[in-house]
Structures are given as structure tokens and as C-alpha cells.
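Biologist: I am new to this structure and would like a close look at a single part of it. Could you take me through the main nonpolar core and the charged pairs that go with its strands?

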Amino acid sequence: MPSKPLRLSTKRLAILLSALVPTAGFALDFQSVAPNAAILYAAPSLEAKKLYVVGRATPFEVMSVSGDWARVRDRDGSLGWVEKRALSAKRTVVVNVSRASIRARPDDTAPVLADAGRDLLLELVEAPANGWAKVRHRDGVVGYLPLKDIWGL
């Protein structure tokens, strides 16, 4: 029996390609600002419009890379371009609620080691598991926060 030639309509081909190519909804990578500050630009060029300045350790989701530039998204969903050399693989997270409790164990009933307010940057110590992330405060406190309270993972 002769085989039927495979024909894909333009619509089906577009659907297939969109499934294979990462889109804005997929996290490619999270990185943090390495130097004391970094400038976000509207385009991948030092001549492009400067959008804003972010501080050290601010986490970003890296959406794509083009040469020496990375297109990044912040926790508010704002997009911009930053020089790749301004990013570090060191992982940080930011507290995304008004008040979160850093606990001794990944358990809502574990003792509270410290409180963390909105916008506090914390170092990610271990990959998250079971809805919790192990974090380190700059003062040395190491404990667990629920994933729902932080951004950057």
C-alpha cells in the first residue's frame, strides 16, 4: 500500500513549531545581578533607551540571549535587556509578600528563625523541594520559606 505524503498545513506547522520553541511563558534560566548595580535597556545596545537601574543580587528570569546581551524579565513582568556580564549564576530570590517567616524546617509548624519583609533578597541555598526553598539571609540565618512567598525560581 503506498504511503500517503505527509502534508502539514501552515496552521499545523505553526502549532508544531510553537511547541518546540521556548516562549515567554517558559523559564529558561534565573540569574541575579552580579555587580553593585545593572542598567536595563529597551534593546540590546548601550545606545538604546535606559529603562531603569537594579541593585546587586536582584533576580531575573533570562528569556533569551543575543550576543553579549540577555533579555530578562523581573518579578513584575517587565522586560528589558542587560549585558550578560552583569549577571551571575548565583541564585537569589525575593520575598513577594508583605511578611514571610523563615522557618527552621520546611514545615508550617517549625520554629520561626526570622521574619522577612517584601522585597528582601535572599540567597537560594538548595534547589526547592516539596513547596519549600532553603534560603540564606545576608545576616547568616539559614532556613526555609514556602515557594508561594518568593519569586525567582
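Modeller: The model is a predicted one, and the protein has 153 residues, of which 33% are buried, with a secondary structure of 1 helix and 14 strands. The largest nonpolar core has 12 residues, among them Val-95, Ala-100, Ile-102, Leu-122, Ala-133, Val-135, Leu-145 and Ile-150. Two or more of the core residues come from each of strand S8 (92–95), strand S9 (99–103), strand S11 (121–129) and strand S12 (132–136). If we look at Leu-145 and set aside its neighbours within four places in sequence, its contacts include Val-95, Ala-100, Ile-102, Leu-122, Ala-133, Val-135 and Ile-150, and also Ser-101, Gly-131 and Trp-132. A second, separate core has 11 residues, including Phe-60 and Val-72.

Glu-123 forms a salt bridge with Arg-136, in which the closest N and O atoms are 3.2 Å apart; because Glu-123 lies in strand S11 and Arg-136 in strand S12, the pair ties together parts that are 13 residues apart in sequence. Glu-123, at a relative accessible area of 24%, is partly exposed, and Arg-136, at 32%, is partly exposed as well. Another salt bridge joins Asp-115 to Arg-99, with 2.8 Å between the closest N and O atoms, and this pair links strand S10 (residues 112–117) with strand S9 across 16 residues. Here Asp-115 is partly exposed at 44% relative accessibility, whereas Arg-99 is exposed at 56%.

Methods: Residues numbered from 1 in each chain as written. Predicted model: local features only at pLDDT ≥ 70, side-chain atom pairs only at ≥ 80, totals over all residues. Heavy atoms only, no water. Helix = DSSP H or I, 4+ residues; strand = E, 2+ residues; numbered from the N terminus. Buried < 20%, exposed > 50% of the residue type's maximum accessible area, 1.4 Å probe, protein only. Core = buried A, V, L, I, M, F, W, Y, C linked by side-chain atoms within 4.5 Å. Contact = heavy atoms within 4.5 Å. Salt bridge = Lys/Arg side-chain N within 4 Å of Asp/Glu carboxyl O.
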